[in-house]
Amino acid sequence: MLLKIVIFLIFIVIFCPKAAFTLLPKEIVVVVNSSDKKGLELAHRYICARNLPRENLFQVNLGTVEVLQRADYNRKLVHPLRKFLARLRHGDRIRCLLLMYGMPLKVEAPLLTKTQKDRLAYLARTIVDLRLELSKINYKSGEEEEQLNAHLKKASLEKNQLDPTFRRAALDSELMLMLAKEYSIDGWQLNPFFLGFQDQKNMIDKNHVLMVSRLDGPSPGMVVTILANTFATEKRGLKGNAYFDAYRPNDQVPNFKSYDFYTQSIRKAAQKIRETDQLLVILNQNETKPQLDHCPSTALYCGWYNLENDISVVNWTKGAVGYHIASIEYSMLSRANSQVWTPMIKKGVAATLGAIEEPYLEAFPVPSIFFPYLVEGKLSLAECYLLSLPYLSWKIVLIGDPLYRPFAAFNKAD
């Protein structure tokens with residue numbers, strides 16, 4: 001799979017979808033939890049600022065929960081929202097949902113029956129036993145090893161299909177498929193818009209995929225800050241440096257293909273941005289993290305993770321866009337003392353992304369797709385995200401105004 005992606009990335013350098021989407025304000029529906037008055041105020045502020053039709057506001061009462069049970073997700077949110085979207089008539093279909101501060105973060109897996117719980121426990125014991133047998137095997141006995149591996153693969157697949165971890169998702173990612181009435185929630189679904197999957201068959205219909213982003217943070221005031229930096233940056237254009245950290249922490253397996261792929265993708269992103277001559281590009285490939293003065297005035301950032309810590313080496317400019325490849329950080333979004341989101345947003349970050357729990361490395365947006373399209377200035381934040389995101393109904397969430405085009409001011413002549 002990774003080899004196919006690498007080959008396709010070479011292809012898209014030559015054949016870029018210059019006018020792929022062009023998301024319009026009227027194609028966005030703002031989804032707000034009516035239980036949160038601050039969120040409702042922010043929704044009205046956004047609709048006014050972006051000149052959305054007033055009827056493009058969908059209110060739903062979801063209480064104050066952070067995790068929606070699967071039954072409540074379908075009954076309270078998806079079914080009413082589908083009816084709401086069907087009633088809107090603007091000549092163009094709704095293509096994007098913007099979730100406002102106060103919306104839940106996750107959709108829980110369906111509840112297991114007692115039989116399913118017992119089966120899950122049995123499979124867990126079976127997998128342990130099979131791995132123990134494999135550790136004892138005389139590897140000259142290839143046939144026996146092959147049989148054990150086949151049983152292990154089968155048991156692991158069935159366990160994953162029952163395991164709540166593989167059936168739980170970020171609310172935002174699940175909503176990207178809310179128009180697809182039938183799809184498996186056992187793990188992720190391939191994103192038909194991802195440029196690395198354009199040769200894949202039998203995927204979700206593109207007409208059933210919505211763009212989804214979120215305006216959120218540890219406090220309502222930080223959402224105001226995000227919007228203020230977004231609108232100000234669009235007028236003047238995002239200026240500063242592009243900082244890419246291809247350094248890989250020592251505890252990561254050096255020969256694991258996914259790590260190699262994303263390291264190369266970070267380097268490729270740096271190369272592509274350097275070729276535009278719009279930003280000074282700083283690429284770190286050393287074995288140690290750089291100091292603060294090595295990445296001043298950072299407008300764009302991507303690098304390897306510093307879990308649960310602010311990217312302290314980065315001095316952000318207002319309106320900056322950046323993310324690091326790290327697990328579970330989005331689960332800390334609502335914490336007022338978060339060492340990830342609070343410092344980033346306070347220092348000027350207008351758009352970023354994260355995972356609600358372990359997404360596996362290959363689920364992250366591909367840097368060498370996301371950043372070059374963003375800098376080109378023709379596509380919005382939500383569109384760049386959609387093109388670079390491998391999986392839907394999974395764990396990754398985008399934070400920022402879906403219409404944000406930080407480099408549009410430099411491309412008005414186009």
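These legends go with close-up views of helix packing in a predicted model.

**View 1. Helix H8 alongside helix H10.** Here we zoom in on H8 (residues 257-276) and H10 (residues 367-376), whose axes come within 7 Å and cross at roughly 20°. Angles under 35 degrees count as roughly parallel, so H8 is roughly parallel to H10. As for handedness, H8 goes past H10 in a right-handed crossing.

**View 2. The side of H8 and the side of H10 that touch.** On H8, the contact is built from Tyr 262, Ser 265, Ile 266, Lys 268, Ala 269, Lys 272, Ile 273 and Thr 276. H10 brings Pro 367, Ser 368, Phe 371, Pro 372 and Val 375 to the H8 contact. Sort the residues of this H8 and H10 contact by class and you get eight nonpolar, three polar and two charged.

**View 3. Helix H10 against helix H11.** Now the partner of H10 is H11 (residues 381-388), and the two axes come within 8 Å, crossing at roughly 155°. Angles over 145 degrees count as roughly antiparallel, so that is the label for H10 and H11. H10 passes H11 in a right-handed crossing.

**View 4. Who meets whom between H10 and H11.** From H10 come Ile 369, Phe 370, Tyr 373 and Leu 374. Facing them in H11 are Leu 381, Cys 384, Tyr 385, Leu 387 and Ser 388. The class tally for this H10 and H11 contact is eight nonpolar residues, one polar and no charged ones.

Conventions
Residues numbered from 1 in each chain as written. Predicted model: local features only at pLDDT ≥ 70, side-chain atom pairs only at ≥ 80, totals over all residues. Heavy atoms only, no water. Axes fitted to C-alpha atoms, helices over the stretch in contact; angles between N-to-C directions. Helix = DSSP H or I, 4+ residues; strand = E, 2+ residues; numbered from the N terminus. Parallel < 35°, antiparallel > 145°, perpendicular 65-115°, else oblique. Left-handed = near helix turned anticlockwise from the far one by under 90°. Contact = heavy atoms within 4.5 Å. Nonpolar A, V, L, I, M, F, W, Y, C, P; charged D, E, K, R; others polar.
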